[in-house]
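Thank you all for coming; I would like to take a few minutes to walk through one model with you. Please have a look at the display before I start.

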Amino acid sequence: MSLSPVEGVALAEIESGTGEPATKGVVGRSPGQLAWLRLRRDRTAMLSGSLLVFFMLLGLAAPLIEMVYGIGPREQFQNLLDGFGMPLGYAGGVTGEHWFGLEPGLGRDIFIRLIYGLRTSLFIAFAAALITATIGVVLGALAGYLGGWLDAVINWITDLTLAMPFLIIALALTPTLTLRFYGERGQVSSAFGVGVLIAVFAVFGWTSTARLVRGQVIALREREFVEAARASGAGLGHMLFRQLLPNIWAPILVSFSLAVPQFITSEAALSFIGVGLSDETPSFGRMIYRSLDFLQTDPAYVFFPGIMIFALVFAFNLFGDALRDALDPKSSR
Amino acid sequence: MARFLIKRLFSATLTLFAVSVLTFLMFFALPRDPVTGMCPKNCNPERLERVRDDLGLNDPLVSQYAGYMKGIVTGRDLGSAQGGRCDAPCLGWSYVSNEAVSDTIARVLPVTLSIVIPAAILWLLLGVGLGMVSALRRGTWLDRAAIGFSLTGASLQLYFVGAVLLLVFVYNLRLLPVPSYTSLFDNPAKWASGLVLAWVALAFLFSAIYARLSRAQMLETLSEDFVRTARAKGLAKPTVYGRHALRAAITPVVTIAGLDVGGALGGTVITETTFGIQGLGRTAVDAVRSGDLPTIMATVLIAAVFVVLANVLVDLLYAAIDPRVRLR
Amino acid sequence: MTDEPLLRVRGLTKHFPVRQGLRATGLVRAVDGLDFDVRPGETLGLVGESGCGKTTTGRMLVRLLEPTAGTIEFAGRDITHAGRRELRPLRQDLQIIFQDPYASLNPRHTVGRIVAMPLQVNGIKPPGGIKARVQELLELVGLNPEHYNRYPHEFSGGQRQRIGIARALALRPKLIVADEPVSALDVSIQAQVVNLLRDLQRDLGLAFVFIAHDLAVVRHFCQRVAVMYLGRIVEIGDRADIYERPQHPYTRALLSAIPDVTRLGPAGRIRLTGDVPTPLDPPSGCRFRTRCWKARDICATEEPALVPRDGGDQATACHFPEPAGAGLQAEAAVAVAEPAGRGAGANVEEVSP
């Protein structure tokens with residue numbers, strides 16, 4: 001029990017509200033601006049961030065690079081292979097012409113295929129991360145805010161999705177879907193393969209975001225500022241998107257930035273076990289899978305895509321960590 | 001405790017039931033004739049029709065499903081074309097490998113177990129140990145090295161690590177034989193030497209994740225009041241860290257570990273593909289490639305069983321480690 | 001002051017089911033049949049110990065909680081179960097101020113957005129624009145209107161509570177439910193905020209339901225006071241009656257707990273022993289009987305009705321009310337009387353830090 005003076009007349013009127021020092025800027029810094037400042041000061045973040053930007057530019061500019069480089073991703077250089085289909089020269093045929101050498105067998109240029117693989121990989125990963133984040137945020141926020149049977153149903157679907165072996169289902173589902181749309185003999189376009197992959201990721205990938213958002217929303221739901229909006233007659237949309245989401249975008253952003261490398265990895269893994277993309281579409285996983293057959297004869301072939309994908313995922317992970325630190329200074333890595 | 005277990009098992013059964021229905025629908029009901037995949041090329045329509053009949057594909061879906069489930073629980077008669085009587089747990093007959101699916105599973109399951117269990121022991125010891133040491137020696141070169149290790153490991157791909165390991169230890173140094181599976185009971189030395197690369201590859205990647213996780217957990221625990229209280233009342237460092245802090249820090253690690261092991265037991269697809277070992281995962285991939293529906297169905301179900309069981313086990317372990325968790 | 005009440009509450013009840021698994025194993029009777037009126041421009045204080053149902057009542061009044069039974073009439077309309085759309089026009093007249101100035105402001109919104117929220121949600125475009133109206137409101141509550149673009153974390157607790165008040169005022173309400181608006185603030189700041197509320201109440205002719213556990217603050221602010229115990233009103237009346245002529249033993253015990261700087265020592269303090277009984281299973285008859293020193297057999301069997309005594313405004317729910325006119329001073333003799341600690345776990349002294 002607080003002990004305030006008994007008599008009202010004795011209450012002193014001390015105004016502190018208006019006597020603010022004028023030196024402080026009138027425009028305040030939002031929590032987002034503060035996080036951005038912290039991120040700017042973090043050297044790891046800036047380094048990995050620039051590396052990411054570099055990778056994205058490479059992916060975006062792939063056709064431009066092809067023009068400058070002068071070699072397309074499907075061109076074959078059989079004349080540079082020996083009688084067994086092995087590239088001539090050292091380190092898998094690395095020359096001034098072919099920077100990363102040639103693929104054994106088909107004799108395609110590895111460098112330009114990696115650039116296009118980067119493009120495919122980043123596109124799929126970003127698209128999948130965006131879609132899963134959207135589904136996860138909407139379902140998680142609804143489940144957390146409304147609770148009741150909706151929460152129970154969404155929770156159960158989450159459990160169910162987690163119980164399904166993702167790789168096997170994806171593996172089995174992709175050809176089934178392809179057959180559904182193309183029949184037995186149809187020529188599958190690479191855009192379709194990409195679309196199917198994104199769809200499979202979307203179906204299986206939203207659960208972690210949904211869980212995260214649900215937990216955060218439940219923690220915020222009973223906070224008084226949410227009730228204040230409710231007492232003013234705010235509707236569901238205002239509650240979710242104006243009141244709740246602005247308070248949880250930090251963890252959502254972090255989970256998004258860590259989801260992208262996961263999808264890069266998953267795409268490569270799926271391509272590796274032979275679903276998803278056809279051999280026509282350049283892809284990291286596909287290249288590594290093919291390179292396993294030449295592990296003894298042409299070890300350079302496995303290193304270029306392997307190191308490329310490592311660098312990409314590494315940069316994303318570093319950046320995601322730095323982002324988490326910037327957004328939540330209290331958390332320890 | 002018993003009530004909690006029963007409740008938990010009930011919901012697990014419900015989840016498994018839903019997984020089985022979904023898988024069934026996905027593979028049997030989608031408009032892809034499952035038979036075309038099962039019959040080698042150039043089969044005539046009569047043979048196709050017979051296979052379809054043997055598989056019961058002309059029956060309504062519900063009775064197909066009921067028959068399948070009945071087979072798992074009590075066994076059933078599949079007809080002479082499918083090896084006659086099929087004992088419980090009957091998972092059907094594969095036209096591709098011409099054997100009962102349960103026989104296939106019985107052959108490949110020990111392979112996956114032999115890969116996952118030693119690897120899991122290795123990655124837990126390595127990962128948690130590294131995380132603890134780096135949390136207790138925070139800021140030293142040891143800590144920084146551990147962070148570097150875990151960041152690198154978390155970004156590496158299993159198939160790439162596997163390829164490098166193969167290249168170095170098998171093809172260049174010739175220290176190890178080409179990976180293969182031999183039963184532990186036939187020849188333990190050969191069992192270990194054939195699988196050690198798979199263990200190392202899996203353990204390397206997973207321990208990176210676990211080192212990160214347990215370091216963060218340990219740091220959080222060390223800053224909590226009860227640890228400070230324990231130190232302040234004069235308990236020795238090893239007692240505090242070993243008994244009080246470790247116990248609290250390891251709880252979330254156990255959860256993740258349980259789920260990871262459960263998931264891995266369902267098939268280490270990438271590992272098996274990289275090292276060319278025929279386990280559950282590789283079998284599933286082959287089944288998908290050849291359109292072998294009964295085998296696909298069986299591998300998916302088994303994987304789901306492992307995940308769901310791991311969930312139940314984790315809940316129980318959780319309660320055993322953390323007395324705050326009330327079993328209701 | 002007209003006789004037509006702005007807010008009329010009858011038999012207001014809130015029961016929370018207690019579940020174990022899927023079975024409901026009990027009911028928490030948080031609020032159990034409240035009757036009271038609030039006239040336009042009137043301030044009603046709602047006091048009681050923590051857990052007595054004050055806050056639940058406040059939340060039901062602004063429809064943040066759905067009442068289990070009873071009716072709430074506002075400006076002559078029954079709003080007990082009104083949906084969001086039906087409430088829309090009434091929302092503007094009925095607002096709430098929250099207890100915790102740190103939790104009640106969205107940390108991601110600027111002060112301007114926070115105060116403008118009720119206007120935007122209700123699609124109101126004030127003449128001169130939203131920004132002008134918000135700045136006018138900020139000025140009204142004693143904040144610098146230049147701080148429009150600042151974030152809550154840049155303000156002190158008292159300033160934040162002023163922001164919350166500005167938000168509540170944005171729709172020009174007729175009634176404000178203030179849920180312990182000052183109890184989270186430092187004592188020196190409490191006075192400022194209470195004075196601000198009093199000034200606003202006078203200038204704007206607002207009616208208040210002022211929820212508090214601090215009797216001194218209530219005495220300073222409220223014209224009428226209702227004392228709650230275990231989900232019931234045990235006594236209601238004008239400020240002077242309640243503070244100077246309390247008739248219910250519980251009210252007297254509460255009042256005796258106010259420290260009086262003019263007297264030294266523990267004189268006059270009535271110590272209640274035992275804990276507040278659980279609202280899961282409230283005592284039969286009079287709910288206060290387990291801690292009451294006047295309790296007789298009838299208290300266990302018959303529930304006393306909240307009836308006016310001596311034809312006045314003051315109503316007391318007690319079988320043995322203090323005679324009207326007996327001042328607090330006369331209580332010293334009773335105060336030392338040993339309370340009949342019949343409640344389970346009696347004599348449990350508070351060990352709170």
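What we have here is a predicted model, in which local features need pLDDT of at least 70 and side-chain atom pairs count only at pLDDT 80 or more, while totals for chains, interfaces and linings use all residues. Residues are numbered from 1 along each chain as its sequence is written, and chains are lettered from A and ligands numbered from 1 in the order in which they are written.

Let me begin with chains A and B, where 35 residues of chain A are in contact with 38 residues of chain B, contact meaning that C-beta atoms, placed from the backbone, lie within 7 Å. On the chain A side, the elements giving two or more residues are α5 (148-163), α6 (166-182), α9 (236-272), α10 (284-292) and α11 (300-327), where helices are DSSP runs of H or I with at least four residues, strands are runs of E with at least two, and both are numbered from the N terminus. The most comes from α6(A), with nine residues. By class, this side of chain A has 26 nonpolar, six polar and three charged residues; Ala, Val, Leu, Ile, Met, Phe, Trp, Tyr, Cys and Pro count as nonpolar, Asp, Glu, Lys and Arg as charged, and the others, Gly among them, as polar.

Within chain B, the axes of α9 (residues 225-232) and α10 (residues 237-265) come within 10 Å and cross at roughly 150°, the axes being lines fitted to C-alpha atoms over the stretch in contact, with angles from 0 to 180 degrees between N-to-C directions. Here B:Phe226, B:Val227, B:Ala230 and B:Arg231 of α9(B) meet B:Val240, B:His244 and B:Ala245 of α10(B), a contact of five nonpolar, one polar and one charged residues.

Turning to chain C, its secondary structure comes to eleven helices and twelve strands, and buried residues make up 48% of its 353 residues; buried means 20 or more other C-beta atoms within 10 Å, exposed 12 or fewer, and partly exposed in between, with C-beta atoms placed from the backbone.

Most residues other than glycine have a negative phi. C:Arg172, in the loop between α5 (157-169) and β7 (175-179) of chain C, has a positive phi near 50°, and it counts as partly exposed because it has 14 C-beta neighbours inside 10 Å. C:Glu180, in the loop between β7 and α6 (187-204) of chain C, has a positive phi near 45°, but is buried, with 23 other C-beta atoms within 10 Å.

Conventions
Two residues are in contact if their C-beta atoms, placed from the backbone, lie within 7 Å.
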